[in-house]
Amino acid sequence: SQWDHVAMAVKVANKSRLRLLEATIDGVDATYTLDSSIEAYLAGSKVAIRRLVGQRTPEMMNMLSEFVEEVKGRPYKTSPMQLVKAWAQSTEQDDN
């Protein structure tokens with residue numbers, strides 16, 4: 001695949017600006033603002049942006065906020081077996 005990273009813009013409690021929820025080698029976090037992240041990625045990367053289409057209900061927004069809080073701080077998985085499994089699955093998907 002031509003893509004090696006995925007992230008999602010999210011609202012984080014007690015923050016006025018959108019954050020980028022992403023998994024990096026340092027773990028899962030929503031530390032960086034969306035605008036600063038886009039600037040950094042555009043400086044040397046190919047970026048695609050997809051907008052969520054559809055109505056966002058208060059229930060959906062609450063569930064997303066809960067998910068963000070649940071996954072923040074989780075470690076990035078880097079065991080050799082997990083990496084091989086992820087590579088095999090991505091190759092299989094590319095072939096379809």
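Biologist: Which pattern does the chain follow when read along the sequence?

Modeller: This is a predicted model, in which local features need pLDDT of at least 70 and side-chain atom pairs count only at pLDDT 80 or more, whereas totals for chains, interfaces and linings use all residues. Residues are numbered from 1 along each chain as its sequence is written, and side-chain values use heavy atoms, with hydrogens and water left out. Helices (H or I, at least four residues) and strands (E, at least two) are DSSP runs numbered from the N terminus, and the chain has three helices and three strands. Read along the sequence, the pattern is β-β-β-α-α-α.

Biologist: Which element of the chain has the lowest mean pLDDT?

Modeller: The pLDDT is the predictor's confidence in each residue, from 0 to 100. Its mean over the chain is 83, and 92% of the residues reach 70 or more. Among the elements, helix H2 (residues 58-71) has the highest mean, 90, while the lowest, 71, belongs to helix H3 (residues 80-95).

Biologist: What percentage of the 96 residues in the chain is buried?

Modeller: Buried means under 20% relative accessible area, exposed means over 50%, and partly exposed lies in between (1.4 Å probe, protein chains only). By this rule, the buried share of the 96 residues is 14%.

Biologist: How many residues make up the largest nonpolar core?

Modeller: A nonpolar core is a set of buried Ala, Val, Leu, Ile, Met, Phe, Trp, Tyr and Cys residues joined through side-chain atoms within 4.5 Å. The largest one consists of Val10, Val12, Leu21, Val28, Ala30, Val68 and Val71. Within this set, Val68 touches Val10 and Leu21 (contact means heavy atoms within 4.5 Å), not counting residues up to four places away in sequence. The number of residues in this core is seven.

Biologist: With which side chain does the side chain of Glu22 make a polar contact?

Modeller: Glu22 lies in strand E2 (residues 19-24). Glu22 is buried yet has no salt bridge, and the nearest side chain of opposite charge, Arg19, is 10 Å away; here Lys and Arg count as positive and Asp and Glu as negative, while His and the chain ends are not counted. A polar contact is a pair of N or O atoms within 3.5 Å; within protein, one must be able to donate a hydrogen and the other to accept it, and residues adjacent in sequence count only if both atoms are side-chain atoms. At 2.8 Å, the partner of Glu22 is Tyr41.

Biologist: How many residues apart in sequence are the parts that Arg17 and Asp35 tie together?

Modeller: A salt bridge is a side-chain nitrogen of Lys or Arg within 4 Å of a carboxyl oxygen of Asp or Glu, and the side chains of Arg17 and Asp35 meet in one at 2.5 Å, N to O. Arg17 lies in the loop between strand E1 (7-10) and E2, and Asp35 lies in helix H1, so the pair ties together parts whose separation in sequence is 18 residues.

Biologist: How many salt bridges does a search of the whole structure find?

Modeller: Besides the pair of Arg17 and Asp35, Lys72 forms a salt bridge with Glu69, with the closest N and O atoms 3.3 Å apart. The side chains of Arg74 and Glu70 also meet in a salt bridge, at 3.2 Å; Arg74 is partly exposed at 40% relative accessibility, whereas Glu70 is exposed at 51%. The number found in the whole structure is three.
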